[in-house]
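Visitor: I would like to go through this model term by term. Please set each value against its definition.

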Amino acid sequence: MQFDYFQMVDRLENLDLEGREIRCRAEVPETSTVFEGHFPGHPIVPGVLLVEAMAQTSGYLLLALSAYERMPFLAGIKEAKLRTFVRPATVLTVIAKVEHEGSGFWVTQARCEAGGKSVADAQIMLRSLPYPSETMRRNLRAFADRIGMP
């Protein structure tokens, strides 16, 4: 396996704490080593990366709603649908809204849009746990600062 830097979300566009919804921007790079293998001569974003973008967006929403007191971990993905191919240089809007919370779990309904049309959606379940370390809390806060989270 070859892993590169794994941050899917580029920028916060809107955070509605009262409505429990977040909207982020994710810009697909024009070139990436991912496209060398997926697929040579016909580059498309792997569906799992679209799901990861929705999971990260959902995680940022939970961080904000918990005032950065608890860390979200991906616990489940349900009914993920990949509706069309996403090509290099596409600008995605990734939206997540809390549907349910309880017993340390949060469920969001998330979607990726390009040009106002849905390209992927899924129900995302996250487990909210104490941070494993203060260093992890600081690192996660730095990631959030990078995308413009309050």
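Guide: We start with accessibility: buried means under 20% relative accessible area, exposed over 50%, and partly exposed in between, with a 1.4 Å probe and protein chains only. This is a predicted model, where local features need pLDDT of at least 70, side-chain atom pairs count only at pLDDT 80 or more, and totals for chains, interfaces and linings use all residues. Residues are numbered from 1 along each chain as its sequence is written, and side-chain values use heavy atoms, with hydrogens and water left out.

Visitor: Why does S133 count as partly exposed?

Guide: S133 has 34% relative accessibility.

Visitor: Where is the place of S133?

Guide: S133 sits in the loop between β6 (117-129) and α3 (134-147). Helices (H or I, at least four residues) and strands (E, at least two) are DSSP runs, numbered from the N terminus. Between the C-alpha atoms of S133 and H100 there are 27 Å, and 33 residues along the chain.

Visitor: What makes β1 and β2 a pair?

Guide: Two strands pair if DSSP finds at least two bridges between them. Strand β1 (residues 11-16) and β2 have five bridges, in the antiparallel sense, so they pair. L12 stands opposite C24 in β2. Four residues lie between the strands of this hairpin, where R20 takes a positive phi near 55 degrees.

Visitor: How many bridges join β2 to β4?

Guide: Seven, and the two strands run antiparallel; β4 covers residues 91-102. C24 has V94 as its bridge partner in β4. E27 stands opposite V91 in β4.

Visitor: Which residues of β2 are on the covered face, and which on the uncovered one?

Guide: I22, C24 and A26 are on the covered face of β2 (residues 21-27). E21, R23, R25 and E27 are on the uncovered face.

Visitor: What makes β1 and β3 edge strands?

Guide: The open sheet has six strands in the order β1-β2-β4-β5-β6-β3, with antiparallel pairing. β1 and β3 (71-82) are its edge strands: each pairs on one side only.

Visitor: How do you know that the side chain of T90 makes a polar contact with R87?

Guide: A polar contact is a pair of N or O atoms within 3.5 Å; within protein, one must be able to donate a hydrogen and the other to accept it, and residues adjacent in sequence count only if both atoms are side-chain atoms. A polar atom of the T90 side chain lies 2.7 Å from the backbone oxygen of R87, so the pair is within the limit. T90 itself lies in the loop between β3 and β4.
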